[in-house]
Amino acid sequence: PLLIRTAARWQDVPGAVLAVAREHGCFGAHWNREHGVNEAARDALARRLLEGEQRVVCEYNDQTVIPPG
């Protein structure tokens, strides 16, 4: 099913993702990379939280011809 969660601040998103993973027994998470400063920080924190519980994280390049860096 499609699940929708909202977060008041970008800093709250990683915790919300982890809560959904716990609630539904998810083995991991997949998302497309975003290259803004806050988005990269959000994704790095989400990765640390999920991997800290032995969950797999898969990130994909999207919306770029050549990924930054």
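H1 gives the largest share of the lining of the largest pocket, 7 residues. The model is predicted: local features need pLDDT of at least 70, side-chain atom pairs count only at pLDDT 80 or more, and totals for chains, interfaces and linings use all residues. Residues are numbered from 1 along each chain as its sequence is written, and side-chain values use heavy atoms, with hydrogens and water left out.

A pocket is an open set of points on a 1 Å grid over the protein atoms alone, where a 1.4 Å probe fits, with protein on both sides within 12 Å along at least five of seven lines; lining residues have an atom within 4 Å of a point. The volume of the largest pocket is about 490 Å³. Among its 22 lining residues, Val-13, Ala-16, Val-17, His-30 and Trp-31 are the closest to its centre. H1, S1 and H2 are the elements that give two or more residues to this lining. Helices (H or I, at least four residues) and strands (E, at least two) are DSSP runs, numbered from the N terminus.

| Lining class | Count |
|---|---|
| Nonpolar | 13 residues |
| Polar | 5 residues |

Arg-47 lies in helix H2 (residues 37–52). Arg-47 counts as partly exposed because its relative accessibility is 23%, between the 20% and 50% limits. Leaving aside residues up to four places away in sequence, Arg-47 touches Trp-31, Val-57 and Glu-59, where contact means heavy atoms within 4.5 Å.

Terms used:
Buried < 20%, exposed > 50% of the residue type's maximum accessible area, 1.4 Å probe, protein only. Points joined across faces, edges and corners; volume = space filled by probe spheres on them. Nonpolar A, V, L, I, M, F, W, Y, C, P; charged D, E, K, R; others polar.
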